[in-house]
Amino acid sequence: MVFATKIASCIRSILQSKSQKTMNLHEYQAKQLFREYGLPVPEGGAARTPEEARSAAERIGGTAWMVKAQVHAGGRGKAGGVKRATSLEEIESAARELLGKRLVTHQTGPGGLPIETVLIEGTHTVARELYLSVLINRARERLVFMVCASGGMDIEEVAAKRPQDLLTLEVDPVVGLQPHQCRRAAFKLGLAGPQVVQLTDLMQGLYRLFLERDLSLAEVNPLAVTTSGDLLALDGKINLDENALYRQKTLAFLRDTGQEDPTEVAARAHDLNYVSMDGNIACMVNGAGLAMATMDLIKLHGGTPANFLDVGGTATAARVAEAFKLILSHSSVRAILVNIFGGIVRCDLIAEGIIQAVKEIGVRVPVIVRLEGTNVEKGRALLNESGLSLISTSDLTEAAKQVIAASQRQ
């Protein structure tokens with residue numbers, strides 16, 4: 001399950017390309033933006049201590065509240081990350097139980113994510129739960145709204161089992177979101193009367209938010225219909241286009257690196273595209289497509305990748321050295337496969353970078369290097385004459401088999 005999740009992350013990285021990396025927001029941060037754009041959200045407040053949680057509940061008022069762990073993952077309720085409290089003492093107790101712990105859901109992997117903040121909200125009586133989101137369809141070059149009458153569920157599950165329940169609406173970038181599209185969404189959701197107007201306002205606000213704040217995903221799940229007939233965004237998810245943060249400086253400060261893999265955070269600082277995995281064969285490749293093909297070959301021949309690492313088409317000796325440091329920071333690594341195609345960067349320069357990195361870091365696991373491209377013969381000669389325990393090969397399949405065999409001997 002964890003490997004599949006990481007593979008999905010890699011696939012998203014390829015589909016989005018380097019220019020479409022994303023930054024996630026917490027629910028309470030997403031709802032702050034929702035509120036700014038006129039979306040109806042429950043009154044609430046974020047807290048980092050039990051005392052702050054109690055103060056938030058006192059400010060909200062009422063007789064019952066929800067205490068929601070703030071982590072960058074779905075499935076919080078099923079994992080015990082959402083608790084109901086009916087007194088201020090229970091608010092403090094629930095916050096104390098969550099804060100400082102790690103929440104494990106089906107999206108986090110076995111290590112879970114740290115809970116450093118909780119969101120306190122008042123409770124509402126809900127008649128129905130709906131789903132609403134807006135995202136980018138890159139193949140169609142359009143923003144797409146998705147609505148479904150089955151809110152509160154994994155939309156992937158609905159799409160797989162009941163695709164007829166989903167309605168997708170493409171937005172023409174010239175004319176923007178049209179009222180008739182909002183009405184069509186409302187009818188699909190079984191809304192009528194004033195609810196149609198509410199949904200139209202909500203979708204128009206979400207559309208403006210998406211465009212003005214450079215989002216790549218905005219999701220309301222569930223979008224509740226309360227017993228009074230009003231619409232209310234009970235939960236919210238926002239992903240930002242990371243490359244647009246230079247013009248969204250206030251949002252850039254909302255990044256919570258504590259929710260991200262420390263190695264991936266370090267990789268980003270060196271402009272490396274890295275995703276940690278659970279195998280024992282580290283991969284260092286230039287190009288996302290080549291990296292995926294390399295991982296596929298390792299899996300095909302019985303090995304398990306320890307990471308996805310794309311050093312980019314303009315890899316330098318310094319970047320190669322940093323890449324080695326990153327992949328060796330995981331104690332599970334038993335062998336390293338370097339697969340580089342020298343196009344813009346010559347193979348001899350890559351070879352020099354590999355030799356420098358191995359000497360500098362003191363790599364103690366087998367390193368198999370497959371080079372192809374410009375000055376490949378010179379690059380292979382440098383590796384063979386380095387005096388280091390580097391195994392050079394020209395065939396990718398053979399390289400995959402060699403690295404698997406080497407990992408099994410460790």
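Guide: Angles under 35 degrees count as roughly parallel, over 145 as roughly antiparallel, 65 to 115 as roughly perpendicular and the rest as oblique. This is a predicted model, in which local features need pLDDT of at least 70 and side-chain atom pairs count only at pLDDT 80 or more, while totals for chains, interfaces and linings use all residues. Residues are numbered from 1 along each chain as its sequence is written, and side-chain values use heavy atoms, with hydrogens and water left out.

Visitor: At what angle do α10 and α14 pack?

Guide: Helix α10 (residues 288-300) packs against helix α14 (residues 396-409) at about 55°, and their axes are 9 Å apart. The axes are lines fitted to C-alpha atoms over the stretch in contact, and angles run from 0 to 180 degrees between N-to-C directions. The two helices, α10 and α14, are therefore oblique to each other.

Visitor: Which residues make that contact?

Guide: From α10 they are Thr294, Leu297 and Ile298; from α14 they are Leu396, Thr397, Ala400 and Ile404. Contact here means heavy atoms within 4.5 Å.

Visitor: New topic. How many helices and strands does the chain have?

Guide: The protein chain has 14 helices and 19 strands. These are DSSP runs, numbered from the N terminus: helices are H or I with at least four residues, strands E with at least two. The C-alpha trace spans about 80 × 50 × 40 Å along its principal axes.

Visitor: And how much of the chain is buried?

Guide: Of its 410 residues, 51% count as buried, meaning under 20% relative accessible area (1.4 Å probe, protein chains only); exposed is over 50%, and partly exposed lies in between.

Visitor: Why does Ser386 count as buried?

Guide: Ser386 counts as buried because its relative accessibility is 18%. Ser386 lies in the loop between α13 (376-384) and β19 (390-393), and its side chain reaches the backbone oxygen of Leu383 at 2.8 Å.

Visitor: Where is Asp241 found?

Guide: Asp241 is in strand β13 (residues 236-241) and is buried, with a relative accessible area of 13%. A polar atom of the Asp241 side chain lies 3.1 Å from the backbone nitrogen of Asn243.

Visitor: How far apart are the C-alpha atoms of Asp241 and Gly61?

Guide: They are separated by 36 Å, and the two residues are 180 residues apart along the chain.

Key:
A polar contact is a pair of N or O atoms within 3.5 Å; within protein, one must be able to donate a hydrogen and the other to accept it, and residues adjacent in sequence count only if both atoms are side-chain atoms.
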